[in-house]
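Visitor: I have a structure to read. Could you take me through some of its features?

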Amino acid sequence: MSILEELPKIFNKSKEESEKILSQPYIDSFVHREKIIPKSSEKKFTYQQNWFNQFYQGDNLKVIKKLLEEGYREKIDLIYIDPPFLTKTKYKGKINIRYKEQEDTIEYFAYNDIWKNGLFSYLENLSSRLFLMKELLSEQGTIYVHLDYRTVHYVKILMDQIFGEENFLNEIIWAYKSGGVSQRYYSRKHDTILVYTKGKDYIFNPQKEKSYNRGFKPYRFKGVKEYEDDLGWYTLVNLKDVWQIDMVGRTSRERVGYDTQKPERLLERIILTSSNEGSIVADFFAGSGTTGVVAERFNRKWIMADMGVLSSTTINKRLIENRSFPYYIYKTYRNHKKAGRLSFKEIGIRENEEGIKELYMELNRYGLNLDQIHIENKYKNRIEEILLKDSLSLLDFIGIDIDFDGNTPNLNWQYYRNKDGFNIGPNLSLKLEHIKMGQKIYIRYVDIFGHGNSNLYEIIDGRVVLCQEN
Ligand SMILES: C[S@@+](CC[C@H](N)C(=O)[O-])C[C@H]1O[C@@H](n2cnc3c(N)ncnc32)[C@H](O)[C@@H]1O
């Protein structure tokens with residue numbers, strides 16, 4: 001098959017596919033919704049109070065359809081996507097587990113970048129999504145598509161067709177130093193980001209960068225402002241289209257352990273340039289959630305989606321660690337009944353030394369059905385050993401709604417395994433501001449494989465009684 005012959009077919013097929021999706025009756029497959037209110041969040045909203053950021057765990061095709069159905073057509077000012085690059089790789093994430101005095105690292109599936117029909121199926125998959133994303137972009141909107149040498153040239157042609165050649169704004173070269181070298185070709189040290197606008201009236205807030213003077217000495221030209229730093233004298237110029245930004249290094253503070261994590265500085269430039277405060281910024285291939293983290297730092301609203309379980313657990317913890325604004329998580333399933341089950345030794349209400357009522361919990365063990373977990377056999381024995389020695393170290397997250405309204409859980413208490421090896425439990429307690437008869441307590445727990453379940457309790461005569469295990 002020749003790519004020259006295939007490209008028009010790919011374009012037509014994905015256009016048809018996107019039109020079909022648009023006209024199909026809408027069935028909302030995101031059956032589970034919960035709100036996370038990071039307990040240490042002290043930030044104040046600077047945009048409308050009634051907005052909550054949104055993370056969808058699921059195929060972005062379904063997410064885009066949902067957004068289009070729910071009033072987001074032409075509402076998004078900036079879309080940044082960093083899809084798979086056709087690397088023919090199965091990406092895995094590393095999970096460090098600390099149990100007793102031991103430490104172990106296992107690899108767990110993150111996402112697949114292997115395509116049955118190679119380039120053709122890759123392009124079809126991406127371009128049908130691009131068609132739909134265009135519907136979400138506002139009149140002043142911009143889309144950034146992050147790719148590399150493998151597919152960028154073909155995607156450029158498709159983008160010209162989908163968004164219009166006249167709306168092509170830039171080809172940004174992101175250059176970096178890390179990665180491998182070869183004796184047989186020049187070291188591949190850049191990615192390419194294609195930038196298209198929806199129309200002529202797009203948001204563009206020019207950003208500045210340093211441009212060092214020759215010899216790092218002052219020029220003293222009339223009317224030109226010059227500055228000095230450790231390297232020498234420089235002026236500030238408008239950002240050029242070649243960006244030298246380091247990748248997220250092994251020791252970087254930003255690093256969350258997600259293989260293809262992009263640097264916050266990269267997203268900072270994009271978000272500041274192509275959106276305004278209060279704009280909605282979306283990323284439909286969110287990975288570790290860099291876009292959301294940076295968007296909210298600059299008072300933008302965000303919507304993110306990713307279908308990977310590892311992405312979901314990574315993003316959730318990253319946002320909590322960042323003391324993010326409250327956000328919704330949507331999933332296409334509620335629970336993993338068959339996978340794991342957390343048992344409690346005790347759960348009840350007591351008064352602490354200061355006379356304040358608190359909910360206390362003593363966790364017993366986490367039971368996991370390994371047949372339900374897609375890990376390589378070599379790790380199964382190791383997990384079994386951990387289950388015997390310290391099963392609670394396999395818990396990744398516990399979220400609690402102490403006054404569940406029976407509708408959407410508001411998880412305003414969170415406990416999680418963090419990067420420094422802090423595990424959850426076994427003894428947990430939290431303050432109860434008020435207690436009422438029949439008050440419902442919702443406890444959600446998720447393990448390191450992203451499998452989650454929830455328990456529902458009711459306060460009856462001062463006791464905490466289990467009423468439903470899901
Ligand atoms: C290159 S990574 C994104 C990394 C991200 N920019 C970051 O800074 O961490 C690509 C992501 O796309 C996700 N993905 C691939 N196909 C998808 C789809 N159809 N729907 C939603 N997510 C998808 C993968 O799970 C993966 O996390």
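Guide: Start with pairing: two strands pair if DSSP finds at least two bridges between them. Strands are DSSP runs of E, at least two residues, and helices are runs of H or I, at least four, numbered from the N terminus. This is a predicted model: local features need pLDDT of at least 70, side-chain atom pairs count only at pLDDT 80 or more, and totals for chains, interfaces and linings use all residues. Residues are numbered from 1 along each chain as its sequence is written, and side-chain values use heavy atoms, without hydrogens and water.

Visitor: Which residue takes a positive phi in the hairpin of S16 and S17?

Guide: Glycine 355, with phi near 80°. Five residues lie between the strands there. S16 (residues 340-351) and S17 (residues 357-368) pair antiparallel over 11 bridges. Leucine 342 has tyrosine 366 of S17 as its bridge partner.

Visitor: How many bridges join S17 to S21?

Guide: Five, and the two strands run antiparallel. S21 covers residues 427-431. Its leucine 430 stands opposite leucine 359.

Visitor: Now the helices. Is threonine 290 buried or exposed?

Guide: Buried means under 20% relative accessible area, exposed over 50%, partly exposed in between (1.4 Å probe, protein chains only). Threonine 290 counts as buried because its relative accessibility is 5%. Threonine 290 sits in helix H6 (residues 290-297). Contact means heavy atoms within 4.5 Å. Beyond four places away in sequence, threonine 290 touches Gln261, Lys262, Pro263, Glu264, Leu267 and Arg318.
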